[in-house]
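Welcome to a short tour of a protein model.

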Amino acid sequence: MKASRILGLSRFSNESTSNVILGAPSLVFLFFIIIPLAAVFYNLDATKVILELQNPQVLDALSLGAVTASLASFLSFLFGVPTAYLLATRNFMGKSVVDAVLDVPMILPPAVAGLALLLAFAPRGLLGPELRQLGIILPGSTLAVVLSQFFVASPFILRSSKAAFENVDKKLVDSARLLNPSRLGVFLTVTLPLAANGVVAGFVMTWARAIGEFGATLMFAGNLPGVTQTMPLAIYMLMAEDPLASNVLSAILVATSFTLLIMFRLLSSRKKVRYHDQA
Amino acid sequence: MIRLSNVKKSYGGKEVLRDITLEVRKHELLCLVGPNGAGKTTTLNIVAGLCRPDEGSVIINDVLMDGRERNRLVHVSPSERKVGYVFQDYALFPHMTVSENISYGLKSRHLPEQEVKKRTHTLLEFVRILDHSEHYPHQLSGGQKQRTALARALAIEPEILLLDEPLAALDLGVRKSLRVELKKILGALEVTSIYVTHELTEAYEISDRIAVMGPGRIEQTGSCDEVFSRPNSYVAQFLGQGIHNGNDPAN
């Protein structure tokens, strides 16, 4: 209203005109997202999906993707949650630098991440000789897939958990400290439950990012069916020789991502209802 | 007994407590009165051990809690001080029921389950919240939250009870009746208490003695009658503002 009046457009500034002005770009935007998503499902029917689910390469990619993404998310949880708690509750020298460095994988192009992992951990890389002595050769191994996904996806759980820990009311922790002699007890009974939604939401986002990982995995782990070929790699490889398989895999990924997104949203909204309704 | 001697505390270069010396006698209720930002809550947090004083000492029942002993810096952790604390907005654990909130301290100290149940029940009855024992904090009224917070603080049988503006979060309408009730409950307890408020009427009605705080220091200490009838210049000014705001303690 105000802006249009300043611009001398007041006679256009009734509610319905502004609805059109705002609605048109939103609608175009929405369709730009929806049409490709719908196209993934357009050619599919149940028989085709069932047929492809008997294709060993599709099955391998599915199971490998799910297992590696779960392992990568578990690793992210194991390292990410304590780090998030440290960053949220302690002050130390160089904290902002640590904080920034841990965010780098999120903005790094995945192909660069993959190359960087190669340069560091491949047999001829920075730490290659040491790893070789331990009998570990990463490129071409399933472990390399997990590490690529961990590298790229871990910032999600770190960010989300850190914000969740920061949002826990300090007075609640103080009350608990007065009543509970054990510091770990305070963390497990008060801090962690109150931050749980944020941690779980971060886990979900990490898993979603990990299962879709492409660039870093391709560069670092390679593309060996059954060993390093996850769903996105299979989608890319099968596009020429077996477009239907590629299509089915894509549909599964879209459905999975969508489910995860809904879970993430439910988690975020439940927190608001339960804890912030305290007036 | 609580004794603070020359306690100083700064946050990020800002002096919050300049020089606090204060004594609370055994089983007495001392009201800490003063304007917002005087450092009343920080004083409570120091007694509770939730923050450490930069200088000075804290003694509770003849035991040094903060300070120096033979050149060693002493700090007793909050849970070992036997302090019950009722926070300003009660700080009830939102993910626990009333009964879980109250039994939290007992369970954390690994008391036998039977004992925990018995004591929780007694407390639920004592603060008259038995009917709401399975409710979550967001389902409670202000007064019910306050009583739950009090019961939770009392569960560990504290020797010291700290109350930070326990009535401030309540509607004016219920405040007066709850004040009377709170006085009755506190009167029944044998506990040394510090009660923070910025309401003179409240302090007058509830306390054995009062201490008036100015920015970062204690301005005057004494019985209510002493302080109200012979205020020093700072206190006179503070009382004057109170009267101006319709808070005349003489009423």
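## Lys183 of chain B

Leaving aside its neighbours within four places in sequence, Lys183(B) is in contact with Glu205(B) and Ile206(B); contact means that the C-beta atoms of two residues, placed from the backbone, lie within 7 Å. You can find Lys183(B) in helix α5 (residues 172-188) of chain B. Helices (H or I, at least four residues) and strands (E, at least two) are DSSP runs, numbered from the N terminus.

A residue is buried with 20 or more other C-beta atoms within 10 Å of its own, exposed with 12 or fewer, and partly exposed in between, with C-beta atoms placed from the backbone. Gln114(B) is 69 residues from Lys183(B) along the chain, and their C-alpha atoms are separated by 31 Å.

## How to read the model

This is a predicted model: local features need pLDDT of at least 70, side-chain atom pairs count only at pLDDT 80 or more, and totals for chains, interfaces and linings use all residues. Residues are numbered from 1 along each chain as its sequence is written, while chains are lettered from A and ligands numbered from 1 in the order in which they are written.

## Chain B as a whole

Chain B has eight helices and eleven strands. Of its 251 residues, 43% count as buried. Along the principal axes, the C-alpha atoms of chain B fill a box of roughly 55 × 50 × 35 Å. Among contacts in chain B with a separation of 6 or more, 66% join residues 24 or more positions apart.

## Where chain B touches chain A

In chain B, 19 residues are in contact with 19 residues of chain A. The elements giving two or more residues to this side of chain B are β7 (83-86) and α2 (98-108). The most come from α2(B), with three residues.

## Two helices in chain A

Two packed helices are described by the angle between their axes and the distance between the axes. Helix α8 (residues 142-167) of chain A and helix α10 (residues 183-211) of chain A pack at an angle of about 155°, with axes 8 Å apart. Axes are lines fitted to C-alpha atoms, for helices over the stretch in contact, and angles run from 0 to 180 degrees between N-to-C directions. Therefore α8(A) and α10(A) are roughly antiparallel to each other (angles under 35 degrees count as roughly parallel, over 145 as roughly antiparallel, 65 to 115 as roughly perpendicular and the rest as oblique).
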